[in-house]
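Okay, thanks everyone, let me get the model up on the screen. I'll go from the whole chain to the ligand, and then to one residue.

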Amino acid sequence: MTKTNDVRLRETWDKLSHDPFHQAGFFPSERYLSDWIGSQKNKRVLEIGCGQGRIIVPLARQNNQVIGIDISNEMLSICQTRLKQEGLNVPLVRADTRHLPFRDGVFELVYSLGVVEHFEETAQAINEHARVSKVEGTVIVSVPHRRSFYHLFKIFSQFLHLFRFGFEQSFTKRELRQMTQAAQIRITNLIAQEIVPESTVTPLRHLAAYGVLLLDKLLLPVGLGGMTIIVRGKVMSHN
Ligand SMILES: C[S@@+](CC[C@H](N)C(=O)[O-])C[C@H]1O[C@@H](n2cnc3c(N)ncnc32)[C@H](O)[C@@H]1O
């Protein structure tokens, strides 16, 4: 990615940090996080692309060894304010997940939700997740699902120049599996998941997006849809 693209990436997320749609709490991945990782007490955890702190804030209530990184200063500043309001002390670092400023094998859990699809070097970023994890540490990554209504909706809104989340790729389960395995991660779970609107703030202009997300949710029981796919695995060795 060129320098201009990097600056654009940062600017996009600085701007989105104030977007009410993005702030709406409708991503349920935290359910998988708590089901899959259980208690993270006394474990070193890294959240990549922590955004406004949706996951890291509740996690920090039960674990004092959490670190968050994000490419956007604005996102980190909102996250920091939320942490401070709760008296939580979490180191937040402005960094790019494609080049993490940590040595190899530091963390017991490294996760990112909705982050690595926003640039072309997705495989490199997943490698970085694995590199900074301990061997036998857990890595969790979630990306948009290509076999979804959301993906069709995205193509349509990109065509109309209405898509507001900058550069964003979608992946099939197969592609996510391949990238994860190439990073020397042994996969334990890989599923499609719904992203349900939970927020009561539903501006009219977002209704179409909510409708699409709902369709993807309704089709999940018959093996279709699911706006995102999420993978969990254990690092076998460092590349
Ligand atoms: C869709 S938001 C998800 C935020 C958070 N993970 C959540 O689930 O609420 C994507 C986040 O990834 C961050 N991001 C995008 N590209 C990044 C990169 N190369 N390195 C680190 N963070 C990045 C953005 O600034 C933004 O906070």
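Predicted model: local features only at pLDDT ≥ 70, side-chain atom pairs only at ≥ 80, totals over all residues.

Residue numbers start from 1 along each chain as its sequence is written.

Burial next. I call a residue buried if 20 or more other C-beta atoms lie within 10 Å of its own, exposed if 12 or fewer, and partly exposed in between, with C-beta atoms placed from the backbone. Of the 239 residues in the protein chain, 39% come out as buried.

On to the ligand. A residue is near it if its C-beta atom, placed from the backbone, lies within 6 Å. There are 20 residues around the ligand, and W13, G49, G51, S72 and G114 come nearest. Both α1 (3–16) and β2 (66–70) supply at least two residues of that shell.

Last stop, L220. You'll find L220 in the loop between α9 (207–219) and β7 (228–235). Why is L220 called partly exposed? Because 16 other C-beta atoms lie within 10 Å. Contact means C-beta atoms, placed from the backbone, within 7 Å. Skipping neighbours within four places in sequence, L220 is in contact with A192, E194, G225 and G226. Take A192: 28 residues from L220 in sequence, yet 7.7 Å in space, C-alpha to C-alpha.

Definitions and conventions: Helix = DSSP H or I, 4+ residues; strand = E, 2+ residues; numbered from the N terminus. Contact = placed C-beta atoms within 7 Å.
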